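Have a look at it before reading on.

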Amino acid sequence: MRGELPRRSITEVSQELADILESPLATTDDRIRLRCLVIKGETDEDYDALLAEQDWREALAVAKRLNDELWMNRANGELGLVAALQGKTSEGLFLLASSLKKAEAAKDLSSVVRWLSIIGSGFIQFGRPEEALKYFDRALAAGSAVDELRYPLIAYSGKVSALTKLGRTKEARELLATTIAVARERESLGYQAELLREDALLAEGDGLREEAVKKLREALEFAQQANANRIVAQIYHDLGRLQIALGRNREANDAFSAGVEVARSMRERLLTPRLLAKFAESERAQGQIENARALLQEASEITEGLLAGVWSPWVKSRLVGIMDEVFLARVRAEVSMGLNPERLLPIIEQARGRAVTDLLMGRGQGEKAKTMPAKEGERRISTLQSRLWSAKGPAARQKLLDQIFQAESDMMAVSVQADRDRQFQGKRNPLRLAELRQSLRPDEMLLEYVLDDPTSLLLVVTRERAVIQKLPSRTLLKKSVDDAWKAIQAGQEVAGSTPLAELVRIPGMESKSLLVVVPDGDLNRLPFELLTTTAGSKLLQSHAVSYSPSATALYLIRRQTQPVLAKAVLAIAASPESQTASTKSEFGKVGRGIYDVDGASLPSLPAARAEAKLTVDTLADAGNRLLVGGDATESAIKALPLRDFAVAHFAAHGLLSSSFPERSALALRPEGMDDGFLQAREVLGLRMRAKLVTLSACNTGSGKLFGQDGVSSLVRPFLASGARAVVANLWTADDTFSLALMKEFYQELSRGKTKAVALQQAKLTMIRQYGKTATPKLWSGFILFGEGSEPVRASK
């Protein structure tokens, strides 16, 4: 099996092969030289990525001389792996996916098993074990018919890791026992080290830290014997974490120091920043401040290179989440030197809302036409997804989902190329505090939060000044947010005297009427309007609140050229069944809930049609378009000149996917080759200039949290596609209440109110009109993201 070395150290094998490559036989016989380069390339991948790149580039050149298409493709695939090891994640994925497709067509099963397993391992590193498991199972299925491939350690070892990450510990232990026995029989030192590390992680999950440390030390011996530097560095990182948990700070420091040395030697990119951050924290705790800052600067530079090497916004969000400890370590080190807003802002903004910020920077670079493979792949996926509407029974649905997964895997290289076209090509200059202050309105205050233990921070910025305030710990604030969320969902008010009140106890806030909140962590789940101010009233009473993924995102949106003439409104009502809206205010009868993508489970939205109609009637214009019922198709919307609309309103069901945020969607009507699901990844392809997009659907403002990057919701693709502001809901939207609230909102907009103020006044009107019946759950989830300080129409 390719990639499985016997009981030999990597350095021994690499050096022997280097000597052979200098021999007369290897310099005159290309077949012998190619074979030596292949073995050396696979060997060096765990030792030194740059050496491996040299090996595989020469192997590719030799294969071309020999006109050996099999090894040309294999060399390209291995260069993809090497690119990923060097931090060029998207380039690596593109090469691997392209080579995988060719290998499948050529029935090169050895390469199919290897690359499926490598891609699966990549998904694990980026926090996607569910997808990873599918790749490992595909690899095992591909090799099952060939004797040599019936027990590929690369696939089984990866599957153990995926099962562990998914919490399926019983299955993981059973598979680990079988797999480690095979690794021992084959005397594969590297795989024994990897599997013992997985065994240690399982012990840690059971709370057996001492046992985990023992297993990690055993794994370290095998990894060091094999000179498998990548595995050695991972083990040192795990050992350091456990030693800190056990109170052994000196041992932890030694582990992190050793891990950094190994990771540097092999030029590893994904783990090195995290090891550097851990080592820096340990050094800072021992008073080595300057060394800690130098380590964190190195970590920051490597991380920036990694982020530049990721083209997909969804992968970038996950990468920021993985690197959360690096960003927080930099914040802690900076604050330990004093509370300096000018120095703190660029540290926060390196990661905060990074995926959408980079997309905003990349706008205006020009669009490339879709390639034929892209069109064919999208058509295939849409056809399969359309069939989910009528699929009967779990077995039929699972079969279709498996086919969709295969189709998306086949599209991987094409998708990566499309992501590259959207990627910002210029130099990324950090936002300066002076630029941010100048972009704010005189009556505006920006609040950017950083949650951490034991102390959280708040950066307060106005046009006049910038200060840093200390706040309660992340742990305490998380518990308070959980309590508030439960109260809201139960139809109750949020208690006033909680640690959450500290979030808005800000000197000088009473002199500002507009607040822009840049939340962090669990604060993304919290409507700030429910918080109690120092005056004892709810924030809703005194301030119009809007939200932004980052301060940089707000700055970039405000720098965009605004359309002067666009006044037209596009309103869409995509109820699965068109019915007349109820005239009774019976809140809670119909919810625009979150569902799996199964048409049969989507109930009718009786008020959706009326809501869309009132939008075009209230903001009347000759260019308005109303699409309801069977006309509210995905195809019809994509065919419209979306740049011509100042407002776009969607009254529909929302489909949230926390596992695959790029698949979150608005449920429209299917037509032709379009499945009816306007997915987040498709929204990125829309070209809008709307001053406002309203997503009057459930959970469109929520999604999976990825550390400092924030929440991967449907809001962000709309902002990236050109919308200046997006109104969305943090939870399930009540159909009847949404109609009433939207009526008030658009009436306020028609009077020339700014977007944030219009939403604030609409909520206050609903509370006055319906009293206690208008519980916070019904109105507080509707929040505005982006530019809220401008109107959509001039005042009458």
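Here is a short walk through a helix, the cores and some salt bridges.

## The ground rules

This is a predicted model, where local features need pLDDT of at least 70 and side-chain atom pairs count only at pLDDT 80 or more, while totals for chains, interfaces and linings use all residues. Residues are numbered from 1 along each chain as its sequence is written, and side-chain values use heavy atoms, leaving out hydrogens and water.

## A tucked-in helix

Helix α32 covers residues 735–750 and reaches 23 Å from its first C-alpha to its last. (Helices are DSSP runs of H or I, at least four residues, numbered from the N terminus.) Of its 16 residues, 14 are buried, so α32 is largely enclosed by the rest of the structure. Buried means under 20% relative accessible area, exposed over 50%, and partly exposed in between, with a 1.4 Å probe and protein chains only.

The largest nonpolar core has 134 residues, and α32 gives the most to it, with eight. A nonpolar core is a set of buried Ala, Val, Leu, Ile, Met, Phe, Trp, Tyr and Cys residues joined through side-chain atoms within 4.5 Å. A second, separate core of 93 residues includes Ile118 and Leu276.

## Charged pairs

The model has 60 salt bridges, each a side-chain nitrogen of Lys or Arg within 4 Å of a carboxyl oxygen of Asp or Glu. In one of them, Lys40 pairs with Asp44 at 2.8 Å between the closest N and O atoms, and both residues are buried.

Notes: Helices (H or I, at least four residues) and strands (E, at least two) are DSSP runs, numbered from the N terminus. The expected span of a helix is 1.5 Å times one less than its number of residues.
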